[in-house]
Amino acid sequence: MRKKIYCNFCGGKLVEKFFEGRDRPYCETCDEPVYENPVPATAIVVINTEGEVLLVKRSVEPKKGMWCLPGGFMELGETPEQCALRELEEETGLAGKIETFLGVMSNNSPRYNTVLITGYLVKNYSGSMIAGDDASSVGFFDSDGMPEIAFDTHKSFIRIYFSMYG
Ligand SMILES: [Zn+2]
């Protein structure tokens, strides 16, 4: 886990200080803690008419070379739904419409510490499938023929889909 060393606002060196119930990076010049929070992200379960799940093969770390759901980190000013559909289009070329919310969960990440992931279901989509952005390959898989999934949260969203809607 990488640690912040300098204050974003004044450039001063941060110290570690017990503040509001836990040790936090603290800037003594600004007299403020640097609050650190989970990073919000989305994941999308896209289902085709055969009931298969859309997966992308990761072309970047972490878990490069493994398969996962399309998805990624929210940008400032975006809603989670906009983030999900943007990531879907960037990674697979498909324009989708959100069917329903599947759930929200968190996972530990070596880079971001804690990631908060919102899952959505997409059944209506258009466009031609082409791997892009952080994906080297993209394809639909049935529940029996699925490769190993890179992230436990993504596995859970697939499980939620099959238990509730499959
Ligand atoms: Zn400062």
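What spacing do the donors of the zinc ion follow along the chain? They follow C-x2-C-x16-C-x2-C, and this tour of a predicted model begins at that site.

**Before you select anything**

Residues are numbered from 1 along each chain as its sequence is written, and side-chain values use heavy atoms, with hydrogens and water left out. Because the model is predicted, local features need pLDDT of at least 70 and side-chain atom pairs count only at pLDDT 80 or more, while totals for chains, interfaces and linings use all residues.

**Stop 1: the zinc ion**

Select the zinc ion together with Cys7, Cys10, Cys27 and Cys30, whose SG atoms are its protein donors at 2.2 to 2.4 Å; donors are N, O and S atoms within 2.8 Å of the metal (3.2 Å for Na, K and Ca), and since water is not among the atoms, sites may look incomplete. The angles that the four donor atoms subtend run from 97 to 115°, which makes the arrangement tetrahedral, a label given to four donors if all angles lie between 85 and 135 degrees. Cys10 belongs to the segment before β1 (15-19) and Cys27 to strand β2 (residues 22-27), so the pair ties together parts that are 17 residues apart in sequence. Strands are DSSP runs of E with at least two residues, helices are runs of H or I with at least four, and both are numbered from the N terminus. Cys10 is partly exposed at 38% relative accessible area, whereas Cys27 is buried at 1%; buried means under 20%, exposed over 50% and partly exposed in between (1.4 Å probe, protein chains only).

**Stop 2: Gly12**

Next, select Gly12 in the segment before β1, which counts as buried at 16% relative accessibility. A C-alpha to C-alpha distance of 8.1 Å separates Gly12 from Glu28, which is 16 residues apart from it in sequence.

**Stop 3: Lys17 and Tyr26**

Now display Lys17, whose charged end sits over the ring of Tyr26, 4.1 Å from the ring centre; the test asks for NZ of Lys or CZ of Arg within 6 Å of the ring centre and within 35 degrees of the ring normal.

**Stop 4: the aromatic pairs**

The structure holds seven aromatic pairs, defined by rings of Phe, Tyr and Trp (its six-membered ring) with centres within 6.5 Å, and called stacked when the planes are under 30 degrees apart, edge-to-face when over 60 and tilted otherwise. One of them joins Trp67 and Phe141 edge-to-face, 4.9 Å centre to centre with 70° between the planes. Trp67 is in strand β6 (residues 67-68) and Phe141 in strand β10 (residues 135-141), so this pair ties together parts that are 74 residues apart in sequence. Both Trp67 and Phe141 are buried. Then select Tyr161 and Phe162, whose ring centres are 5.0 Å apart with planes at 70°, so this pair is also edge-to-face.

**Stop 5: the whole chain**

Finally, show the whole chain, which has two helices and ten strands, and colour it by pLDDT, the predictor's confidence in each residue from 0 to 100. The chain mean is 94, and among the elements β10 has the lowest mean (91) and strand β4 (residues 39-46) the highest (98).

Methods. Four donors count as tetrahedral if all angles lie between 85 and 135 degrees; four count as square planar and six as octahedral if opposite donors are over 155 degrees apart and all others between 65 and 115; anything else is irregular.
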